[in-house]
Amino acid sequence: MSNHDNDGNEIHQSHLKLKVNGQIRQLVVDTRTTLLDALRENLQLTGTKKGCDHGQCGACTVIVDGRRINACLTLAIMHQDADVTTIEGLGTPDNLHPMQAAFIRHDGYQCGYCTPGQICSSVAVLQEIEAGIPSHVTPDLVSPPGRTAEEIRERMSGNICRCGAYSNILAAIEDVAGGQKP
């Protein structure tokens with residue numbers, strides 16, 4: 001499907017179906033639309049933030065089919081029929097996800113801009129460790145990785161907090177990790 005913009009340039013559009021936060025959503029997007037822009041502009045899910053738009057800050061981190069990704073670096077049409085979880089899908093103000101509650105308990109945010117990406121990444125980090133996926137600091141590739149501060153820091157290194165709340169973010173993640181089975 002294609003249309004033309006005001007300058008006469010051809011715009012290619014595509015039908016897209018996503019399961020976002022448990023709901024099937026159907027969209028028509030320009031084939032050049034990032035997943036971040038589809039979530040924010042088409043679905044009005046503005047919890048996911050646009051930070052650097054280059055995949056360097058992690059503010060746009062969402063969970064797609066169980067894996068965390070930078071939504072600014074991937075085209076929406078690449079995720080046809082994918083299961084996408086944003087910060088809005090993790091919990092509600094009345095029923096917080098354990099990670100959201102831990103971030104509040106440990107003051108794991110300051111300005112809050114990076115917090116949605118930090119929380120989505122944190123949830124996925126613990127899932128990666130639980131699944132036995134090694135990181136660059138995992139000492140033994142045949143044994144399950146531990147929930148150590150070193151593992152968590154390495155895995156969270158793609159999420160930048162300009163306010164410097166890293167120690168509080170680590171405390172929140174360790175709090176939730178401590179409540180999970182090893």
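Colleague: Where is Q44 found?

Modeller: Q44 sits in the loop that joins α1 (35-42) to β4 (61-64). Helices are DSSP runs of H or I with at least four residues and strands are E runs of at least two, numbered from the N terminus. This is a predicted model: local features need pLDDT of at least 70, side-chain atom pairs count only at pLDDT 80 or more, and totals for chains, interfaces and linings use all residues. Residues are numbered from 1 along each chain as its sequence is written, and side-chain values use heavy atoms, with hydrogens and water left out.

Colleague: What is the phi of Q44?

Modeller: Near 55°, a positive value in a residue other than glycine. Most residues other than glycine have a negative phi.

Colleague: Is Q44 buried or exposed?

Modeller: Q44 counts as exposed because its relative accessibility is 53%. The cut-offs are under 20% relative accessible area for buried and over 50% for exposed, with partly exposed in between, using a 1.4 Å probe and protein chains only.

Colleague: And D65, what is its phi?

Modeller: D65 has a positive phi too, near 50°, and is not a glycine. D65 is in the loop between β4 and β5, and with 51% relative accessibility it counts as exposed.

Colleague: Back to α1. Which residues of α1 are buried?

Modeller: L35, L36, A38 and L39.

Colleague: What do the buried residues of α1 pack against?

Modeller: They pack against β2 (10-20), β3 (23-30), β4, β5 and β6 (83-85). Contact here means heavy atoms within 4.5 Å.

Colleague: Where does Q13 lie?

Modeller: Q13 is in strand β2. At 23% relative accessibility, Q13 counts as partly exposed.

Colleague: Which lining residues are the closest to the centre of the largest pocket?

Modeller: R68, E128, E154, R155 and G158, out of 17 lining residues. The elements giving two or more residues to the lining are β5 (67-70), α4 (115-130) and α5 (149-155). The largest share, four residues, is from β5.

Colleague: How many residues of that lining are charged?

Modeller: Five, alongside nine polar and three nonpolar. Asp, Glu, Lys and Arg count as charged; Ala, Val, Leu, Ile, Met, Phe, Trp, Tyr, Cys and Pro as nonpolar; and the others, Gly among them, as polar.

Colleague: Now the whole protein. How many helices and strands are there?

Modeller: Six helices and six strands. From the N terminus the order is β-β-β-α-β-β-β-α-α-α-α-α.

Colleague: What share of the residues is buried?

Modeller: Buried residues are 42% of the 182 in the protein. Among contacts with a separation of 6 or more, 51% join residues 24 or more positions apart.

Colleague: What box do the C-alpha atoms fill?

Modeller: Roughly 55 × 35 × 30 Å along the principal axes.

Definitions and conventions:
1 Å grid on protein atoms, 1.4 Å probe; cavity = no way out; pocket = protein on both sides within 12 Å on 5 of 7 lines; lining within 4 Å.
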